[in-house]
Amino acid sequence: MDLTPLNGLLLRTPQLELRPPTPESVEALYEVAATGIHPPEEMPFGVAWTDTLTRESFVEFHQSLLTTWTPARWNCHFISFVGGRPVGTQEIQATDFSARREVHTGSWIGAAHQGLGYGTEQRAAVLEFGFRGLGAGAASTGALIDNIASQRVSTKLGYRTIGEGTLSPRGEPVRHLDYRLERDDWHCPIPVAIEGLEPCLPLFGAN
């Protein structure tokens with residue numbers, strides 16, 4: 001599928017620029033991940049991918065998201081930049097978006113860049129992209145019980161807890177909280193500029 005229109009897509013916030021991945025930016029993002037995202041004794045992700053992180057697996061994962069992209073099932077890992085350098089990534093994905101109008105998000109920020117408000121800004125950016133740009137009706141996310149930072153971002157942005165389950169990223173069950181945000185409850189706390197959207201709408205099943 002021709003994903004060339006994604007090259008012009010850009011989300012701007014007061015501190016960040018978010019762009020879809022390119023081979024060059026994924027390589028740079030790997031360096032951020034390799035320097036650390038969380039303390040080794042902690043695991044904030046439902047899948048413990050940082051335990052087996054390699055450059056090859058990291059690049060292959062991001063390539064696979066693009067090679068398997070269809071309007072019916074897409075997963076865009078926006079890379080967040082500060083001053084032209086990546087600091088983390090903000091995922092937004094959907095299945096059958098044209099019919100369901102729902103998106104799901106996930107994210108991470110490199111350890112060296114945490115505590116500066118980037119996590120809130122990048123989530124707000126993709127929520128504004130989903131609601132205002134694509135016309136989503138709802139957004140969902142989740143967080144392990146020990147991932148307090150993620151929970152705070154969700155609460156700050158207006159999500160409500162709708163349930164919980166368990167995940168076992170390192171073999172032991174851990175409580176996982178499920179969150180949902182309805183379009184009518186969304187009030188973007190920061191200005192977000194969306195550039196290059198119109199040519200991309202068919203790729204997201206939003207035209």
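Guide: Let's start with a term: a polar contact is a pair of N or O atoms within 3.5 Å; within protein, one must be able to donate a hydrogen and the other to accept it, and residues adjacent in sequence count only if both atoms are side-chain atoms. This is a predicted model, where local features need pLDDT of at least 70, side-chain atom pairs count only at pLDDT 80 or more, and totals for chains, interfaces and linings use all residues. Residues are numbered from 1 along each chain as its sequence is written, and side-chain values use heavy atoms, with hydrogens and water left out.

Visitor: Which backbone oxygen does the side chain of T141 reach?

Guide: That of T105, at 3.0 Å. You'll find T141 in strand β6 (residues 138-144); strands (E, at least two residues) are DSSP runs, numbered from the N terminus.

Visitor: Is T141 buried or exposed?

Guide: Buried means under 20% relative accessible area, exposed over 50%, partly exposed in between (1.4 Å probe, protein chains only). T141 counts as buried because its relative accessibility is 5%.

Visitor: And how do I read strand pairing?

Guide: Two strands pair if DSSP finds at least two bridges between them. Here β4 and strand β5 (residues 102-109) pair in the antiparallel sense over six bridges, and I92 stands opposite T105 in β5.

Visitor: Over how many bridges do β3 and β4 pair?

Guide: Strand β3 (residues 73-82) pairs with β4 over 10 bridges, again in the antiparallel sense. There, H77 stands opposite E91 in β4.

Visitor: How many residues of β4 are buried?

Guide: Eight of the 11 in strand β4 (residues 85-95), so call that strand mostly covered.

Notes:
Helix = DSSP H or I, 4+ residues; strand = E, 2+ residues; numbered from the N terminus.
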